Amino acid sequence: MKKALRILLLLLMLFVSLTAGTMAVYTRTVDLAPVAISAKRFVLGVNQGNQGEFDLRIGPGDLVSYQFEVTNQNSEGEVSEVDMDLHIDADFSAVRAALPTVEIKLLMSTGGDTIEVAAADSSGLLSYHTSSVFSASVSKVIFFSLNFYWNSDETISVNGDSVVLPLTVYVKGMQHVY
Amino acid sequence: MKKKLLLIVLALAILTSLTAGTLAVYTKTVSKTEQVEAKRFTFNVAGDIVGSYGSFNMAPGEEKKYAFTIDNGVSTGTVAEVPLRYDITVTYTEARANMPGLVAKLYNTTDGSTEIGEYNAETGQIKFTASSTANNEFNESYVVIVTWVNDTDTSENNPQTLVGTNKYTNVNGITVSVSANQVM
């Protein structure tokens, strides 16, 4: 038993010395400086009035407006880091059906002149699509006004009761793709 | 007694003269000194973002590049005297998980551009092994190209839009590690 143990010990020492000799190789690792990755900020802000301001009451000959602002800056002052397209779509078909002579127009102002950029068609649909209206990292606010003018040239028979008509406006900002 | 003593002394004298005579042999010593040196192990890695960027700030549809080089002493004029194996590991696990559509690929750009390495979805790593022979110059160029593939999903608050709205940031988004090991 002792002899066997001695032989085993000797073999073990031999193995260790051989292995140690084999593992003594050159080796080095270099970790290059890590690269930070971040997503470019995307911001679309729409500032609109409360529901009461959107409850427009219009009579023949009246011009009523609903104003809202679109911006590429959030409430913390952080600006979108991509160029942005803007799509504004609205469905005024119920208004058109009830009041065929109402003129519905979308006006736009960027601090200077106010220009008409879209008008509802005969079915009441209004659409305004513009590309790269916002530039990356450049803060901008665009003012919009939805104007409803009830042209009273024609005689309209109404019973005097007010009618509530649904108005839906969609404002969509999309990263401009080149 | 005296006779015996005389005989012993005589024998001793003879023995001494014989031994002294025997030890008087030709002898010469030559000594030589040799140097033992460790074989040179040289390995250099250098890398940087391509372009004047400090980081990868990306939107869907954009790509960024990180270029690096590996040599066995060519850049310092002292080529390694042992064969070496280079294990390259590119890691972007967390960034890939948090930016849906983020893809990284590794290319060897020494002569043209060839995609290399294997991507492991479980570890979020690309691995590739290169090698050099002793005393022969090895100087290779590589680039990691990271693309945030646009998923073209324009639905409200789609995953990529949410990432941009929250401005996801990872300071260790991409790491490149190179190990050089002597080949036995």
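Is A:Val46 buried, partly exposed or exposed, and what is its relative accessible area? A:Val46 is partly exposed, with a relative accessible area of 33%, where buried means under 20% relative accessible area, exposed over 50% and partly exposed in between, computed with a 1.4 Å probe on protein chains only. The structure is a predicted model, in which local features need pLDDT of at least 70 and side-chain atom pairs count only at pLDDT 80 or more, while totals for chains, interfaces and linings use all residues. Residues are numbered from 1 along each chain as its sequence is written, chains are lettered from A and ligands numbered from 1 in the order in which they are written, and side-chain values use heavy atoms, with hydrogens and water left out.

Chain A contains three helices and 10 strands, which follow one another along the sequence in the pattern α-β-β-β-α-β-β-α-β-β-β-β-β; helices (H or I, at least four residues) and strands (E, at least two) are DSSP runs numbered from the N terminus. Of the 178 residues of this chain, 32% count as buried. Among contacts in chain A between residues at least 6 apart in sequence, 77% join residues at least 24 apart, a contact being heavy atoms within 4.5 Å.

Within chain A, A:Val46 belongs to strand 3 (residues 45–48). Leaving aside neighbours within four places in sequence, the contacts of A:Val46 are with A:Phe68, A:Glu69, A:Val70 and A:Val171. A:Asn74 stands 28 residues from A:Val46 in sequence, and the C-alpha atoms of the two are 9.5 Å apart. A:Val70 is also among the contacts of A:Lys140, which touches A:Val70, A:Thr71, A:Asn72, A:Thr110, A:Val133 and A:Phe134 when neighbours within four places in sequence are set aside. A:Lys140 lies in the loop between strand 8 and strand 9 of chain A and is partly exposed, at a relative accessible area of 28%. Between A:Lys140 and A:Thr110, which are 30 residues apart along the chain, the C-alpha separation is 8.1 Å.

The loop between strand 8 (125–134) and strand 9 (141–150) of chain A also holds A:Ser137, which counts as exposed at 52% relative accessibility. A:Ser137 has a positive phi of about 65° although it is not a glycine. Most residues other than glycine have a negative phi. In chain B, a positive phi is likewise found at B:Lys167, a residue other than glycine, with a value near 45°. B:Lys167 lies in the loop between helix 3 and strand 10 (169–182) of chain B, and this residue is buried, with a relative accessible area of 17%.

Not counting residues up to four places away in sequence, B:Thr91 touches B:Gly124, B:Gln125, B:Gly173, B:Ile174 and B:Thr175. B:Ile126, in strand 8 (residues 125–132) of chain B, counts as buried at 3% relative accessibility. Beyond its neighbours within four places in sequence, B:Ile126 has contacts that include B:Ile88, B:Thr89, B:Val90, B:Leu106 and B:Tyr119.

Contact between the chains is seen at B:Val171, which touches A:Pro34, A:Val35 and A:Ala36, not counting residues up to four places away in sequence. B:Val171 is found in strand 10 of chain B and counts as exposed at 58% relative accessibility. The C-alpha atoms of B:Val171 and B:Lys3, 168 residues apart in sequence, are 107 Å apart in space.
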